[in-house]
Amino acid sequence: MTFTRVLAAFRSPLAALSLLWLAAICLTSVFASVLAPQDPLAQDLPAANQGPTGAHLLGTDGLGRDELSRVMFGSATLLWGAAEATVIALLIGVSAGLLAGFSGKTVDRVLLWLADLSFALPGFIVIVALAVIYPRNTAVLMGALGVISAGGVLRFTRNLTRAVREELFVDAAYTAGLSRRRVMTRHILPVITAPLTVQAVLMLSAGVIVGASLSFLGLGGNPEKPSWGQMIYEASQQMTSDPWLMVPSGAALIFTVMALNFIGGSLGDLTPGTRAARGTRARARMRPVRSVVRRPEAHGVGAEEAAPPQDEPLLSVRGLTVSFPGAQDGGVQPVVDGVGFEVREGRALGLVGESGCGKSISVLAIPGLVPQPGAVTGGSIRFAGEELVGLGERQLNRFRGSRIGLISQEPMVALDPSFTVGSQLCEVLAHTAGVPRRRRRERCLELLAEAGIADPVRTAASYPHQLSGGMAQRAAIAMALAGSPQLLIADEPTTALDVTVQAEILDLLRELKEQRGMALLLVTHDLGVVADICDDMAVMYAGQVVEQGAVEDVLAAPLHPYTRGLLASTPESAAHTGRLSAIAGTVPQPKDWPTGCRFADRCPHAQERCRTAPVALESPVALKADDGRDAARCVRAVDLFVEARS
Ligand SMILES: Nc1ncnc2c1ncn2[C@@H]1O[C@H](COP(=O)(O)OP(=O)(O)OP(=O)(O)O)[C@@H](O)[C@H]1O
């Protein structure tokens, strides 16, 4: 919420009036001794119970004390008491809420239980009971109110944090290698500050009411000092004989509470909320999670090595299994099942397949960003000779951004709407690439230019909403490049863009790969894109790789009926054959995966033996001499290969 936007909130007369009233009351509470026309305790019995006069603008009470002066002095106890309760509630509630929002299940549950406990407590009765032990001790009583109210703030902050945490710009910040603390202070706190401010104002209002009620009951406030609640009590004793007496303190209390509520409402209208809350499609919850698998030796993938062997690929994924909690029996359901592929330095691997095959989950597992509550439950991910499965967040941060960059299909939501592109890029440069302050701006403009942005200065000064989709994706690519990663993972980077921009972004990725010698792992539905950019490809179906090999080999003579089906359904193939075919049926859900070949139900070549036992991914021996690289998960691979070549 910028200052200009806050000002805009008070354009309506009611909100402006409320703000003026509150400012006046606050000033009076601080400078009452200077501003009040008379001593609030000075008695003038002959002038008792007068209505407004020239000498006493708001009249006098039963002891002839000036009502205006008493109202002015009376605001202090009430406002400062309410402020004390609010500050305590915010301090406890916000810190515990952030902790709950960021922690795992156990801490979250314990903190929510404590919050629920505070809700269950009859707050006012507890405070009244405390007043017996600490009679008229406003500091203690309002402090207790703060502690009791902290539960609400805790829950509110925790829910907000969880909602913001699911935004892609937060995931992007993690991917860029920013620490959890940094993400919290830089990306989460600013977003939740606005709704918390509204809460705080409404809590102040509630604090004023509770404070006044305590004084009314004779439980709070120093009887020697005027307070609104006490004045209302005294006025209530003379209600029938002298009704005017209720007006000064009653009106002051009502106007103050109304003003606070109006201000809270006006600020609330300005609060944008998270994009998730506004219903923008927040994609998968990509929160770093600790994989449940131990170091590789624990599941027999191989011992950790100090340095990669010379011929080891930059990225080697073996037997990767990712699971989510099962729907019924409390078990886990794999959604990625023993996936393996590799990416060599300077090469591009295309991961293709229909929606729901497990492409995104497989690549998100690499930098440890599997959406919760999913987890890596098997396999190995070796990057530059180091095993990533089983690493904690701090260790994974050494890879994110600086060695492994990630760009997603929704660039707009991958950028934090609260900051300019330049400021986000400089942040990544500072924290991931360690670029010194004086070099950051220059480097930021260089990166934007490298990402093909014609006017880097202007783009750096723009907020994400001021950019087109293509520009936002270029900015996101610049951010992914900031740490000079060895591997760039691009998860359907052009899906959300229109066709001409798609081609530009793909050209850019190809150029960057060639110029930087960077390895590229590209997730896509589009075989044309794979043919255009990639050197190697892996085809995924129902959580498994069903075929892999060099792009030209696979596309020239696919070994798996699924790859054939995908090829036949491309527009290029339709132009060639004169008809656009589609693969009948849909990808089965993980819970419905059959024992045998998972594609059998949609396969025109399926035989009985396809359905009886799992089919392995292997290079058909008969083809080794001819095409040793390709591997397919099909019992008829050789027949199909021969058929395709004939
Ligand atoms: N948060 C989640 N909770 C439970 N299951 C999930 C979750 N995210 C993904 N899945 C499941 O994992 C499987 C693989 O999803 P994934 O997003 O990796 O597929 P994809 O091939 O990348 O599809 P798309 O191209 O649509 O992104 C799907 O069956 C999906 O239902």
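Modeller: In this predicted model, helix α8, residues 180-216, packs against helix α9, residues 228-237, at an angle of about 50°, and the two axes lie 7 Å apart. An angle between 35 and 65 degrees is neither roughly parallel nor roughly perpendicular, so α8 is oblique to α9. The crossing of α8 past α9 is right-handed.

The residues that form this contact can be named on both sides. From α8 come Gly211, Ala212, Ser213, Leu214, Ser215 and Phe216, and these meet Trp228, Gly229, Gln230, Ile232 and Tyr233 of α9. Sorted by class, the residues of the contact of α8 with α9 comprise six nonpolar and five polar ones, with no charged residue.

An unreviewed UniProt entry carries the annotation "transmembrane region" for residues 78-99, 111-133, 139-157, 188-217 and 244-263. Two of these stretches can be described from the model. Residues 111-133 are 91% helix and 0% strand, with the end C-alpha atoms 28 Å apart. For residues 244-263 the chain is 90% helix and 0% strand, and the C-alpha atoms at the ends are 28 Å apart.

Helix α14, residues 421-431, packs with helix α17, residues 469-481, at an angle of about 15°, and their axes are 9 Å apart. Angles under 35 degrees count as roughly parallel, and α14 and α17 are therefore roughly parallel to each other. Here too the crossing is described by its hand: α14 passes α17 in a right-handed crossing. On the α14 side, Val421, Gln424, Leu425 and Val428 take part, and they meet Ala475, Ala478 and Met479 in α17. The contact of α14 with α17 contains six nonpolar residues, one polar residue and no charged residues.

The ligand remains to be described. It is surrounded by 16 residues, of which Val335, Ser355, Lys359, Ser360 and Ile361 are the closest. Helix α11, residues 359-364, supplies the largest share of the shell around the ligand, namely three residues. By class, this shell around the ligand consists of seven nonpolar, seven polar and two charged residues.

Conventions. Residues numbered from 1 in each chain as written. Predicted model: local features only at pLDDT ≥ 70, side-chain atom pairs only at ≥ 80, totals over all residues. Axes fitted to C-alpha atoms, helices over the stretch in contact; angles between N-to-C directions. Helix = DSSP H or I, 4+ residues; strand = E, 2+ residues; numbered from the N terminus. Parallel < 35°, antiparallel > 145°, perpendicular 65-115°, else oblique. Left-handed = near helix turned anticlockwise from the far one by under 90°. Contact = placed C-beta atoms within 7 Å. Nonpolar A, V, L, I, M, F, W, Y, C, P; charged D, E, K, R; others polar. Near = placed C-beta within 6 Å. UniProt positions renumbered as here; feature names shortened; annotations may be inferred.
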